[in-house]
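I opened my notebook to look around this structure one stop at a time. Come along and check each entry against the picture.

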Amino acid sequence: MGNVTKTSAEVELAPVSHEMTGPRGRKPRKMLSRRNIMIYGTLIVVSLYYLLPLYVMIVTSLKGMPEIRLGNIFSPPVEITFQPWVKAWAEACTGLNCDGLSRGFFNSVRILVPSVILSIAIASVNGYALANWRFKGSETFFTILIVGAFIPYQVMIYPIVIMLREVGLYGSLTGLVIVHTIFGMPILTLLFRNYFASVPQELFKAARVDGAGFWGIYFRIMVPMSLPIFVVAMILQVTGIWNDFLFGVIYTKPDLYPMTVQLNNIVNSTQGVKEYNVNMAATILTGLVPLTIYFISGKLFVRGIAAGAVKG
Amino acid sequence: METNHSISIKNLALSFGSLDVLKDLNLDVGRGEFLVLLGSSGCGKSTLLNCIAGLLDVSDGQIFIGGRNVTWEEPSKRGIGMVFQSYALYPQMTVAGNLSFGLKNAGLPKAEIEERVNRAAKVLQIEPLLTRKPAALSGGQRQRAAIGRALVRDADVFLFDEPLSNLDAKLRADLRVEIKQLHQKLSNTMIYVTHDQIEAMTLADRIAIMRGGQILQLASPHEIYNRPASKYVAEFIGSPTMNFFDGEIVGGDGLRFSSGDQLFPLEGYQFQDDLPVQGPAWFGIRPEHMITGAEAQAAPIKLNGQIELVEPLGSDTLARVDIGGRSIWVRLDGQANVHDGDSIVVGFDSARANLFEKSSENRI
């Protein structure tokens, strides 16, 4: 408006002029904008890139051998058969044993469950003590632990073989469980320490005034508050231990081999024809456990990572 | 020992490595007294409170609570209840669970726990909230629940660590009144840490002003306001802060304070002892002890100045007055009609002034 010297009352009463028309309300957005095309295009390409091998695996595992020999790996199966899955699970041969992956699966479970529980139980108490109960030498202890996280573990393989032999655990599942527990310790302790350090100190003080001791505060205050970080630790350990090949093959013996080692033995067996469909089915079966864990706890995983794992 | 004191602190010291946080600190708190520890951040006030609570191990000295030496005692065995700034409620428990946590740890029978929780909830008017989780409470309700957690312990001593600092201004004023009423009702000993001088002045029976791990002055709010022991205390209490004139006390016919070309007679001033010190000093006078207008003409000390800046607060009006190149704050009536650039006569009486020695900054 041209006239600047109007009083406020006059301005309020002035009629709405034609100059005040034009855009109003929410700004319309185009679906096919350049930005959307870029974003969705990239997303589609990347997901195809990741999903295509999985597709090939599933498709191949559902075909019979004659169909595979045609060589068209992308074509869907003409005749769907679950025989390769059955064979992979129960009949495939490794060496003299012909009971498939099932034995490896149960070995892996017997390794996984105690290792995960034990390592998380110990590491969470470690992290809690380091974060909340500063004791003499706690900083040194923590530094040593962190250094441990950076030493390539191949260095320690042989000494551990000797140590396990000396205590009579070499070649047993117990020995492997201990090895997994120890190797999980540095990173898990760091994870828990950082998470517990982000819990307000005053909460801890309040619990002390309320008469809770070391274990009282741990079990009744800290653990109930820390579900996300326990889930993160569980996922890290489950995937890490389930996917482990090296320790499994070194510290156990053939009839105690975990699933990964057995998968390798099935896939890489040189006798007879290569049964691609069985190999594919066996591989998917082996990967199913970590995959399931991710699907079940994905949201909590992200929350836990965001809450404490990345923070120094 | 010391049965007339609720808390006695003897030669307390605390250091982290080479850093001395508390130095040779002595403090006696009477039964039922409300003591406020006041200071800016890093002065050691919260550290002292944590030492009393037993949350920090002391390096030296002794702490007595209720006549019992608790220097090495666990926090829960000291007969204290504590309220924290961040409320520190256990998030996974209901309010009732929070209140009863400490009692369960102490192994009290169920019936008594319930009775105590209900009693505390009644006092704090949080009965309808007992089944809620802390996340479902507002800030004021959370702090009330936190006070409840201290209350159920039936402790002789309550420790408050900046309990109102996380609340908004309105709620802070409300809860301040509630805490004062609670103290009247329970008459427990309370030690209250804050950096807010209004909280300190309104709540305290006595205020301990702390700086650098030591108590600078321990006195009633009235005494601290009117007779601050040092320049630091004088500056810390009062808003806007006290005006200071740099100068010297000179003798002659009656003592005077000379600052630049001004000469203030010191007739009404109450010196600390019978032997007034002559020499370099600070002359301090609060903005609210300045007189203006017609009455200023009759004041023992008169200064002519010009208003630089006006801050109307509604109830009062603050004016920054330029006096011969030095700016001082003057508190005027809320109705005063003053503007920037006005000439003004400011008067005051040295009876209301504070003199501090230049080198030690202690009260003369």
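This is a predicted model: local features need pLDDT of at least 70, side-chain atom pairs count only at pLDDT 80 or more; totals for chains, interfaces and linings use all residues.

**Entry: a loop residue**
I looked up B:Glu267 and found its place in the loop between strand 13 (262-265) and strand 14 (279-285) of chain B. Is B:Glu267 buried or exposed? B:Glu267 counts as exposed because it has 12 C-beta neighbours inside 10 Å. Not counting residues up to four places away in sequence, B:Glu267 touches B:Gly254 and B:Ser350. I then checked B:Ala351: from B:Glu267 it is 84 residues apart in sequence, yet 7.4 Å apart in space, C-alpha to C-alpha.

**Entry: the cores**
Next I turned to the largest nonpolar core, which has 146 residues. B:Leu159, B:Ile191 and B:Ile209 have the most contacts inside it. Helix 8 (residues 173-198) of chain A gives the largest share of this core, 12 residues. Another core, of 11 residues, lies apart from it and includes A:Leu263 and A:Met280. I also followed B:Leu159: leaving aside neighbours within four places in sequence, its contacts include B:Leu49, B:Ile80 and B:Ile191.

**Entry: where the chains meet**
How many residues of chain A are in contact with chain B? I found 14, in contact with 17 residues of chain B. Helix 9 (201-209) and helix 10 (214-225) of chain A each supply at least two residues of the side that touches chain B. Helix 9 of chain A gives the largest share, 6 residues. By class, this side of chain A has 8 nonpolar, 2 polar and 4 charged residues.

Key: Residues are numbered from 1 along each chain as its sequence is written. Chains are lettered from A and ligands numbered from 1 in the order in which they are written. A nonpolar core is a set of buried Ala, Val, Leu, Ile, Met, Phe, Trp, Tyr and Cys residues joined through C-beta atoms within 7 Å. A residue is buried if 20 or more other C-beta atoms lie within 10 Å of its own, exposed if 12 or fewer, and partly exposed in between; C-beta atoms are placed from the backbone. Helices (H or I, at least four residues) and strands (E, at least two) are DSSP runs, numbered from the N terminus. Two residues are in contact if their C-beta atoms, placed from the backbone, lie within 7 Å. Ala, Val, Leu, Ile, Met, Phe, Trp, Tyr, Cys and Pro count as nonpolar, Asp, Glu, Lys and Arg as charged, and the others, Gly among them, as polar.
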